[in-house]
Amino acid sequence: MPLQSPALRELVNAVRHGIPDALGVFWRHAATAGTPLVEPDPEGDPARRLVTFLWRDDAARPATDVLALLHTVTDKDRHAGDLAPHLMEKLPGTDVWAISHRLRADHRASYQFFVARGPREETLRADRGSWLRVLDAAVPDPLSTRPQLPSRDGRNPSSVMELPDAPVQAWAAPRPGTARGERADAVVDGRRVHVHLPAGHRAGGGPYPVVVLLDGEMWGPVLDFGTALDNLYADERLPRAVTLMVDTMGRARRVEDLSCSEEFVDWLADVLLPWAAQTYGATADPARTVVAGQSAGGLTAAFAAFRRPERFGNALSQSGSFWWPDGTEFDGGSEWLTRQFVVSEKLPVRLRVEVGLQEWMLLPQNRHLRNVLEARGYEVAYGEFNGGHDYACWRGGLATGLAALLGGS
């Protein structure tokens, strides 16, 4: 394909004309500036950038193909043969693999590379097992200068692309001198819970606001969201709270619990919250209680506010799976919970809903829920970020969402 990147065209030109150490100069600059390369839009749109991902071939073990796995952007049509949107091109006469995307300047996404050493038809196989093997072996960008995004299940971390107009994530990184809160792991009625307490917490000093955060095994041990909480407290953007990060206890249990499960929501309300009140001085006031989640967890957060509004007065849903079916004639995308908000009396709860513009399977349903909530007179804050189904995006929205729902001084 034609090279759009001016930097790559310049490199190919230099190599073609035999300019000494042209490749060395190119890679040293990439290592200093960090990758991907971000250049002006070739069509002159100031709201877009040309983003070029780079991989340096290993002379001892050259790749047959390299895939640039840009979260959500390359997921939708990833098996389109030789035109697959994640298949990089080897620049003639160089050790440079590259691929460019025109993206809006406010885009944020995690990404990895998969280095293939075998037939292309094997690399691009469409079956689930082959794709999982690609994800298991994918690696972060060795030339990225940004902090990596940790992963779970033994997989490698991801790199993060943040274009210049992406929303600032001011609280994600540790800050020198910021008081660190206390972390504790507990087992409540057989379920693991990762607890974060603010610095200086005393059980008798409450009642404290309480945050129930679903998929807690990610937000606690993997992503260390406690760092963001510490920074929010230091900036007085969030009142000091008891945060309960609830482990989903495995994939099968997650599917069972995070699908509008009355049993699970009642456990949160009747077992977890009373335990937190007794152990850590957490409040029983629904107006100072937030339940938050992403994907199926986002669906469940909204369902918790719907089912138990006397315990959960605030719900934060990120990329909620509001297509969720219920086995009725509408099955296959019935938006069951949205219909419940239509036919039920208005409840005394506040909701904050956000979804990514790249989430082609979720965007319409989240917009529909917003419209229903607004029509029914709910207090709802709705936002769309330019990204996908991605913890790189959710971690920022979670911090700002909690600050908005609970407020600070």
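The largest nonpolar core of this predicted model has 48 residues. Those with the most contacts inside this core are V212, L244, L268, L272, L337, F341 and L351. Helix α8, residues 262-280, supplies the largest share of the core, with nine residues. In soluble globular proteins, nonpolar side chains tend to be buried together.

**A three-stranded sheet**

Three strands form an open sheet, in the order β3-β6-β7, and their pairing is antiparallel. Why is one side of β3 and of β7 left without a neighbour in the sheet? Both strands stand at the edges and each has a single partner strand, so one side of each has no neighbour there. On average, neighbouring strands of the sheet are turned by 30 degrees against each other, direction ignored.

Strand β6 is joined to β7 by four bridges, and the two run antiparallel. Within this part of the sheet, S110 stands opposite V160, a residue of β7. Helix α4 lies across β3 and β6 and runs at about 85 degrees to β3.

The elements named so far have these residue ranges:

| Element | Residues |
|---|---|
| Strand β3 | 65-70 |
| Strand β6 | 108-116 |
| Strand β7 | 159-162 |
| Helix α4 | 128-137 |
| Helix α8 | 262-280 |

**The protein as a whole**

The protein has 12 helices and 15 strands. Its C-alpha trace spans about 75 × 55 × 40 Å along the principal axes. How does the radius of gyration fit a compact globule, and what are the values? For 409 residues, a compact globule would have a radius of gyration near 22 Å, and the 23 Å of the protein agrees with that.

Burial and surface can be described for the whole chain as well. Of the 409 residues, 52% count as buried. The protein exposes about 18,100 Å², and carbon and sulfur atoms supply 52% of that area.

The contacts show how the chain is brought together. Among contacts between residues at least 6 apart in sequence, 75% join residues at least 24 apart.

Conventions:
Residues are numbered from 1 along each chain as its sequence is written. This is a predicted model: local features need pLDDT of at least 70, side-chain atom pairs count only at pLDDT 80 or more; totals for chains, interfaces and linings use all residues. Side-chain values use heavy atoms; hydrogens and water are left out. A nonpolar core is a set of buried Ala, Val, Leu, Ile, Met, Phe, Trp, Tyr and Cys residues joined through side-chain atoms within 4.5 Å. Buried means under 20% relative accessible area, exposed over 50%, partly exposed in between (1.4 Å probe, protein chains only). Two strands pair if DSSP finds at least two bridges between them. Axes are lines fitted to C-alpha atoms, for helices over the stretch in contact, and angles run from 0 to 180 degrees between N-to-C directions. Contact means heavy atoms within 4.5 Å. The radius of gyration is taken over C-alpha atoms; the globule rule is 2.2 Å times the number of residues to the power 0.38. Accessible areas come from the Shrake-Rupley method with a 1.4 Å probe; for residues, only the protein chains shown count as cover.
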